[in-house]
Amino acid sequence: MPQVSLTNVKKIYSGEVLAVDNFSIEIEHGEFTVILGPSGCGKSTTLRMVAGLEEVTSGEIYIGDKLVNDVPSKDRNIAMVFQNYALYPHMTVYENMAFGLKLRKYPKNEINKRVNDAAEILSLKRLLKRRPKELSGGEKQRVAVGRAIVRKPLVFLFDEPLSNLDAKLRVQMRIELNKLHKRLQSTMIYVTHDQIEAMTLGERIVVMKDGQIQQIADPHTLYNKPVNKFVAGFIGTPPMNFLNGKIIKKDSKFYFDSGSLKVRIVDDMVAYIKDYLWKEIVFGIRPEDIYDKLFVSEAPPENIVHVNVDVVEPMGSEVYLYLNSGDSSFIAKVAGQEQVEPGQDLEVVFDMSRIHFFDKDTEKAII
Ligand SMILES: Nc1ncnc2c1ncn2[C@@H]1O[C@H](COP(=O)(O)OP(=O)(O)O)[C@@H](O)[C@H]1O
Ligand SMILES: [Mg+2]
């Protein structure tokens, strides 16, 4: 039996805003699921419906074997961690963590044990007597997580818990959450708009757009086999390049032709795009699948594209090259030691075994 299941869950706010539509998923015990999508796509609404903080317009939510649609939040056996950790300012770290258990009338020694265990796991032991204003952002966030841990919930719910932290701390907390999940082996549902956070934390990622699930998959599948143009463009930095053009055939070979550039389609892919011959199509290639020809031994001539370098963005370990080929513009991600100047002409190689095609109208992936 899944630990959490949502079936055709829908949320309409005040009779008109369709925030979540037809959301269905089964989450197994111990799974780390991330809900990922741009701001306003319905992530928090979904999580809040699981938490019981928001009513469901239609559909069913189960936690364990229990239909919880009408179960109050406090009886759902969940714990939620928010972006603004909302600690009680006048209470110490210890009291903040103990508060929920006290309310629920847990015996004192049990509270003491749980708070100390959580403090141990989160390296908060030496901070137990401090008040929130004496803590750093990362420490406050750890206390907020501690407050959830002491409850020993069936399911942890996180709503963008790291957004208030600076970049370095976010990375550190991400690693801590990863370890925490391994240690507790609990079911966790984590909401974020940050694709890196999603890819690094999620065993499964639910990509949402406009209230609807686009794809549910593990990080590897999302990156390599996005189901549509939205997912393809949302996962990966810099995002996938999209070029409009046509499939053409010459001397029994198939090509993608954008008007300003033409590349040969590998034989393995031809079967998938045959129906698009002479028709418009969207071509997708990730920046990391475009190489400087200088560094490719034996590049097939039909995969070489002549470009002019527009902008060079050094990122340290790699460089982003903004390239133009006639009317087509795209980005290549190359090794940091490459010496490329704006304005220079360059030959790049498209790795045609790693390209994608999308239907121009439906935006669904063809391959
Ligand atoms: N209480 C509310 N009343 C009306 N509309 C809301 C309310 N909360 C959220 N919305 C709308 O529902 C949509 C989804 O919001 P939300 O779930 O907060 O998105 P996310 O967390 O992905 O940024 C948005 O269009 C938002 O404006
Ligand atoms: Mg939100």
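**Entry 1: conventions**

I count two strands as paired if DSSP finds at least two bridges between them. Helices (H or I, at least four residues) and strands (E, at least two) are DSSP runs, numbered from the N terminus. I note that this is a predicted model, where local features need pLDDT of at least 70, side-chain atom pairs count only at pLDDT 80 or more, and totals for chains, interfaces and linings use all residues. Residues are numbered from 1 along each chain as its sequence is written, while chains are lettered from A and ligands numbered from 1 in the order in which they are written.

**Entry 2: the six-stranded sheet**

I looked up the strand order of the mixed sheet. It is an open sheet of six strands, E6-E7-E8-E3-E9-E10, with mixed pairing. Its edges are strand E6 (78–81) and strand E10 (212–217), each of which pairs on one side only. From one strand to the next the twist averages 15 degrees. For such angles, axes are lines fitted to C-alpha atoms, for helices over the stretch in contact, and angles run from 0 to 180 degrees between N-to-C directions.

Strand E9 (residues 204–209) runs antiparallel to E10, and five bridges join them. Val 206 has Ile 216 in E10 as its bridge partner.

**Entry 3: the five-stranded sheet**

What is the strand order in the open sheet of five strands? I read E15-E19-E16-E17-E18, with antiparallel pairing. Strand E15 (290–292) and strand E18 (328–335) are the edge strands, each pairing on one side only. Neighbouring strands here are turned by 45 degrees against each other on average, direction ignored.

Glu 318 stands opposite Ala 335 in E18.

**Entry 4: E11 and its partners**

I followed strand E11 (residues 241–250) next. E11 pairs with strand E14 (residues 280–285) in the antiparallel sense, over six bridges. Gly 245 stands opposite Ile 281 in E14.

E11 also pairs with strand E12 (residues 253–257), again antiparallel, over five bridges. Lys 249 stands opposite Phe 254 in E12. E11 and E12 form a hairpin with two residues between them. In that turn, Asp 251 has a positive phi of about 50 degrees.

**Entry 5: backbone exceptions**

Most residues other than glycine have a negative phi, and most peptide bonds are trans. I looked for departures. Asn 8 has a positive phi, near 45 degrees. Asn 8 sits in strand E1 (residues 4–13).

Thr 237 and Pro 238 are joined by a cis peptide bond, with omega about -15 degrees. Pro 238 lies in the loop between helix H8 (229–234) and E11.

I took the H4 side first. Helix H2 (residues 93–103) and helix H4 (residues 137–149) pack at about 30 degrees, their axes 8 Å apart. H2 and H4 are therefore roughly parallel to each other (angles under 35 degrees count as roughly parallel, over 145 as roughly antiparallel, 65 to 115 as roughly perpendicular and the rest as oblique). H2 passes H4 in a right-handed crossing (left-handed if the near helix is turned anticlockwise from the far one by less than a right angle, right-handed if clockwise).

Which residues of H2 and H4 meet? From H2 come Val 93, Asn 96, Met 97 and Gly 100; from H4, Val 143, Gly 146 and Arg 147. Contact here requires C-beta atoms, placed from the backbone, within 7 Å. This contact divides into three nonpolar, three polar and one charged residue. Ala, Val, Leu, Ile, Met, Phe, Trp, Tyr, Cys and Pro count as nonpolar, Asp, Glu, Lys and Arg as charged, and the others, Gly among them, as polar.

Then I turned to helix H3 (residues 108–121). The axes of H2 and H3 come within 10 Å and cross at roughly 135 degrees. That makes H2 oblique to H3. This crossing is right-handed. H2 contributes Tyr 94, Met 97, Ala 98, Leu 101 and Lys 102 to the contact, and H3 contributes Ile 111, Arg 114, Val 115 and Ala 118. I find seven nonpolar, no polar and two charged residues in the contact of H2 with H3.

**Entry 6: ligand 1**

I listed the residues around ligand 1 (C-beta atom, placed from the backbone, within 6 Å of it). They are Tyr 13, Ser 14, Val 17, Ala 19, Gly 37, Ser 39, Gly 40, Cys 41, Gly 42, Lys 43, Ser 44 and Thr 45. Strand E2 (17–27) and helix H1 (43–51) each supply at least two residues of this shell. H1 gives the most, with three residues. The shell divides into four nonpolar, seven polar and one charged residue.

Methods:
Contact = placed C-beta atoms within 7 Å.
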